[in-house]
Structures are given as C-alpha cells and as structure tokens.
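Here is a friendly walk through one protein model, from its strands to its pockets and charged pairs. Please keep the structure open beside you as you read.

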Amino acid sequence: MSRPFIPVGCRECRDGAGLSFEFSMAFQPILDLRRRTVHAYEALVRGVEGQGAGWVLEQVNSDNRYRFDQACRVKAIELAARLGLADRPDCKLHINFLPNAVYRPETCIRATLEAAKQFELPTDRLVFEVTEGEQVQDEAHLQGIFTEYRRQGFATAIDDFGAGYSGLNLLANFQPDIIKLDMALTRGIDSDRVRRSIVSGVLLVCRELGIRPVAEGVETLAELNTLADLGIELVQGYLLGRPVFEQLPEPHWPD
C-alpha cells in the first residue's frame, strides 16, 4: 500500500527526507540561436557517484515518488542558484516533474515556492517539463497541474514531443508555453524530407498557438543549420553542450 500524502517543506526536500538514496543534478544548456545566448539550463537527475538518470529512476517507486519529485525540484533550484544562475537574469531553469506524483498542485508546489524565494530565483524563470514518454494516468489532472503552475507564475513545457504515448492528442488538450521536439524528429533531419515536413507542420501549429519550440538532440552542424532554416531558435544537444555534473557549462558555438 502506498504511503499517505503528507506535504513537505523546502528543508525536508533539500535533505531528501524519506528517500533511501542520494542524487544530484547535471545541467545542459538550451541555446538561443538568434541572440547567441544561453536561454536556459535543464536540470537532469544523476547519482552522486556519477550514475545516470536511469539508475536514479530505478530507485523510485509508489512509496517514494512524491518525495522524490519534490526533492528534485528543490535540489535543482538550490544547486542552480548556488552555481550562479540567480545572477543571470535572462537565463531560465528547466525542471522535469512526474505528473503522477503530484496529488494537489496548489499544495505540492509549496516546497518549490519556498525554494524559489529562499534562493532568490523568480518563479517566472522556472519552466516545468512533463515528458510525453511518461503515460499520464489522468489528463484532467495534468491540465489542473498546468493551470495551477501558470497561476503561480511558472512556465510549462512538454518534453520529448513526438516520441511518447499521445502525440498531438496531448497538445490538443494542453497548450504549454514550450514544446521540446524529441531527437527522433531532429536526428538526421538535414537528409530526411519526411522529418522536415513533420517538423514544419509542428512549427506551424506552434506559431498558431503561441508556443515556443525547442529542438532536442542536435548533434551535427547539418542538423543545426536545417533546423535554423525551418525557423527554430531554441536548440539543445551534444553539438552545443553536454550535461555536466553540478556545473552550468558554457555552450559550444559551432563556426
């Protein structure tokens, strides 16, 4: 039987209360091609001894999912602020969240708000990503989460768009501030007419709905140039900067 839902505060989250394992964060830049600046950093969970996200997520179960989700938010905010993100006013922080771990959005957001205030990171610089790869058990619940997050001043994003369970159906029901195109759509796009056509269609929808697209998984200069020609301004991928453990890495700008 799952443990009962008990709201936790910022300090408890930071200390990992109720978790039997430790974790930290790596950060990967999201670049603005037009401005040639770092638009944001995405916080990516890692084990404290260098284990990848997969190892960490294997430790998560129905008993600790809520506390893990809360601890991730606080850890990401605290570490990013300590590394200097709070002093970069134009740079945002992307944080992944588990929609099935959120019970009541207005209550579950409490520790996040406490952390943002304590570490002086304004809420309008936080972007919460839900991955399309996690099957959402209750879409009305997810819509309620997004609505509450916007009310609190946070931006929202659908991660891995185009690679998950629901595709355009998810976008039809939820219009986030950002969608992140999965690498399955961007990989080899320079030589793939079908992928270019699909991405062009998604970008048209984004323009109609006022959503900013981010291209993930960019690994070659040819991919980058093709995406830029299609109108993509925000990009993320190994070509531009790999995740670095407990650091805000400077990007690599291709010639």
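Strands S2 (37-47) and S3 (92-96) run parallel to each other, paired over four bridges; two strands count as paired if DSSP finds at least two bridges between them. Helices (H or I, at least four residues) and strands (E, at least two) are DSSP runs, numbered from the N terminus.

A word on the model itself: it is predicted, so local features need pLDDT of at least 70 and side-chain atom pairs count only at pLDDT 80 or more, while totals for chains, interfaces and linings use all residues. Residues are numbered from 1 along each chain as its sequence is written, and side-chain values use heavy atoms, with hydrogens and water left out.

**Strand pairings**

S2 also pairs with S1, here in the antiparallel sense and over ten bridges. Phenylalanine 23 stands opposite glycine 47 of S2. The two strands form a hairpin with four residues between them, and arginine 36 in the turn has a positive phi of about 55°. S2 is mostly covered, with nine of its eleven residues buried; buried means under 20% relative accessible area, exposed over 50%, and partly exposed in between (1.4 Å probe, protein chains only).

Isoleucine 179 has proline 213 of S7 as its bridge partner. S7 pairs in the parallel sense with S8 (residues 234-235) as well, over two bridges, and valine 214 stands opposite leucine 234 in S8. Together, S7, helix H10 (residues 221-230) and S8 make a right-handed β-α-β unit. Right-handed here means that, with the strands pointing away from the viewer, the path from the first strand over the helix to the second runs clockwise.

**Pockets**

Rolling a probe the size of a water molecule over the atoms shows where empty space is left. The search uses a 1 Å grid over the protein atoms alone: a cavity is a set of points where a 1.4 Å probe fits but cannot get out, and a pocket is an open set with protein on both sides within 12 Å along at least five of seven lines; lining residues have an atom within 4 Å of a point. Grid points are joined across faces, edges and corners, and a volume is the space filled by probe spheres set on the points.

The largest pocket has a volume of about 780 Å³. Its lining counts 30 residues, with Glu42, Leu44, Ala53, Asn96 and Asp159 nearest the centre. Among the elements that give two or more residues to this lining are S1, S2, helix H3 (65-82) and strand S5 (155-161). S2 provides the largest share, five residues. By class, this lining has 14 nonpolar, six polar and ten charged residues; Ala, Val, Leu, Ile, Met, Phe, Trp, Tyr, Cys and Pro count as nonpolar, Asp, Glu, Lys and Arg as charged, and the others, Gly among them, as polar.

The second largest pocket holds about 180 Å³ of space. Its lining includes Asp32, Arg34, Arg35, His39 and Arg212, and S2 again gives the largest share, three residues. Six charged, two polar and two nonpolar residues make up this lining.

**Charged pairs**

The structure holds twelve salt bridges, each a side-chain nitrogen of Lys or Arg within 4 Å of a carboxyl oxygen of Asp or Glu.

| Salt bridge | N to O distance |
|---|---|
| Lysine 180 and glutamate 42 | 2.9 Å |
| Aspartate 177 and arginine 150 | 3.9 Å |
| Arginine 187 and glutamate 223 | 4.0 Å |

Which strands does the pair of lysine 180 and glutamate 42 link? Lysine 180 lies in S6 and glutamate 42 in S2, 138 residues apart. Lysine 180 is buried at 0% relative accessible area, and glutamate 42 is buried at 4%.

In the second pair, aspartate 177 is partly exposed at 30%, and arginine 150 is partly exposed at 39%. In the third, arginine 187 is partly exposed at 30%, whereas glutamate 223 is buried at 3%.

Salt bridges that share partners join Glu42, Glu129, Lys180 and Glu216 into one network. Glutamate 216 is found in the loop between S7 and H10 and is buried at 9% relative accessibility. Glutamate 216 and glutamine 236 are 20 residues apart in sequence, yet their C-alpha atoms are 4.8 Å apart in space.
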